[in-house]
Amino acid sequence: QNGSIRSRCRPNILVTGTPGTGKTTTSSALAEATHLRHLNVGDLVREKNLHDGWDPELESYLINEDLVCDELEDLMEEGGNIVDYHGCDFFPERWFDRVVVLQTDNTVLYDRLSRRGYTGSKLSNNIECEIFQVLLQEARESYPEDIVMALKSDTIEDITRNVTSLTDWARSWHPAS
Ligand code: ADP
Ligand code: MN
């Protein structure tokens with residue numbers, strides 16, 4: 001098969017952003033509205049052991065990017081996926097038709113992450129990640145600029161609006177000729 005021709009008939013969307021910006025909430029609402037498949041990469045890493053162990057300093061699993069990509073390849077080729085992860089530079093560029101970077105006001109994010117139990121350097125690292133727009137930069141360096149979009153995710157209204165516009169986009173998407 002010619003690798004340059006996209007055979008999928010439904011789009012793949014990447015939803016990325018700093019932890020706490022609403023990726024999982026947005027992705028599951030979008031999956032419900034579009035019947036696309038929600039792939040929560042963090043959950044998959046834990047369930048299928050796609051990691052190289054627990055990093056006590058980072059307080060998270062060390063994701064094995066090759067194992068994750070191998071695990072997702074067939075589904076991504078099939079199309080119709082919403083991939084939810086706080087990183088984006090190790091996925092193949094050809095996988096995605098749209099890359100959404102969620103962004104949250106850092107005082108709002110601070111409260112969300114504190115409520116989630118984040119403290120100390122885990123909390124401050126994530127707030128810094130948001131302030132310096134690390135995920136937006138990573139997305140812009142990894143994907144064509146016309147498919148990358150930053151969306152504000154401060155309030156429930158933002159989620160509703162984002163899900164509505166992404167649903168409209170997904171419904172009108174068709175394979176490039
Ligand atoms: P992520 O998957 O990016 O880590 P979640 O979707 O798990 O983020 O959201 C983290 C918490 O913040 C949840 O309690 C969720 O309800 C809340 N939240 C996320 N986005 C918003 C938003 N736009 N408005 C209000 N609450 C939000
Ligand atoms: Mn999540």
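Student: How many salt bridges does the rule give here?

Tutor: The count comes to 8 salt bridges, where a salt bridge is a side-chain nitrogen of Lys or Arg within 4 Å of a carboxyl oxygen of Asp or Glu. Keep in mind that this is a predicted model, where local features need pLDDT of at least 70, side-chain atom pairs count only at pLDDT 80 or more, and totals for chains, interfaces and linings use all residues. Side-chain values use heavy atoms, with hydrogens and water left out, residues are numbered from 1 along each chain as its sequence is written, and chains are lettered from A and ligands numbered from 1 in the order in which they are written.

Student: What makes Glu 73 and Arg 94 a salt bridge?

Tutor: Their side chains come to 3.2 Å, N to O, and that falls within the 4 Å limit, so the label holds. Glu 73 sits in helix α3 (residues 65-78) and Arg 94 in the loop between β5 and β6, so the pair ties together parts that are 21 residues apart in sequence. Those element names are DSSP runs numbered from the N terminus: helices are H or I, at least four residues, and strands are E, at least two.

Student: Why is Glu 73 called partly exposed?

Tutor: Buried means under 20% relative accessible area and exposed over 50%, with partly exposed in between (1.4 Å probe, protein chains only). Glu 73 has 21% relative accessibility, so it counts as partly exposed. Arg 94 is partly exposed too, because its relative accessible area is 43%.

Student: What joins Lys 152, Asp 154, Asp 158 and Arg 161 into one network?

Tutor: Start with the pairs. Lys 152 forms a salt bridge with Asp 158, with the closest N and O atoms 3.5 Å apart. Arg 161 also meets Asp 158, at 3.2 Å, N to O. Arg 161 and Asp 158 both lie in helix α7, 3 residues apart, which is about one turn of the helix. Salt bridges that share partners then join Lys 152, Asp 154, Asp 158 and Arg 161 into one network.

Student: Is Asp 158 buried or exposed?

Tutor: Asp 158 counts as buried because its relative accessibility is 4%.

Student: Which residues is Asn 162 in contact with?

Tutor: Asn 162 lies in helix α7 and is buried, because its relative accessible area is 2%. Leaving aside neighbours within four places in sequence, its contacts are Leu 102, Leu 151 and Lys 152, contact being heavy atoms within 4.5 Å.

Student: What is the strand order of the open sheet?

Tutor: It's β2-β5-β1-β6-β7, 5 strands with parallel pairing. β2 (37-40) and β7 (148-152) each have a single partner strand, so they stand at the edges with one side left without a neighbour in the sheet. The twist averages 20° from one strand to the next. Helix α7 (residues 156-172) packs on the sheet, touching β1 (12-16), β6 (98-103) and β7, and its direction makes about 150° with that of β7. For angles, axes are lines fitted to C-alpha atoms (for helices, over the stretch in contact), and values run from 0 to 180 degrees between N-to-C directions.

Student: How do you know that β2 is joined to β5?

Tutor: Two strands pair if DSSP finds at least two bridges between them. β2 and β5 (residues 81-84) have 4 and run parallel, so they meet that rule. Asn 40 has Asp 84 as its bridge partner, and Arg 37 stands opposite Asn 81. β1 and β5 also pair in the parallel sense over 4 bridges, with Leu 14 partnered by Val 83.

Student: Which way do the β5 residues point?

Tutor: Asn 81 and Val 83 point one way, Ile 82 and Asp 84 the other, and all are buried.

Student: Why is Phe 132 called exposed?

Tutor: Its relative accessibility is 53%, so Phe 132 counts as exposed. Phe 132 is found in the loop between α5 (120-131) and α6 (134-142).
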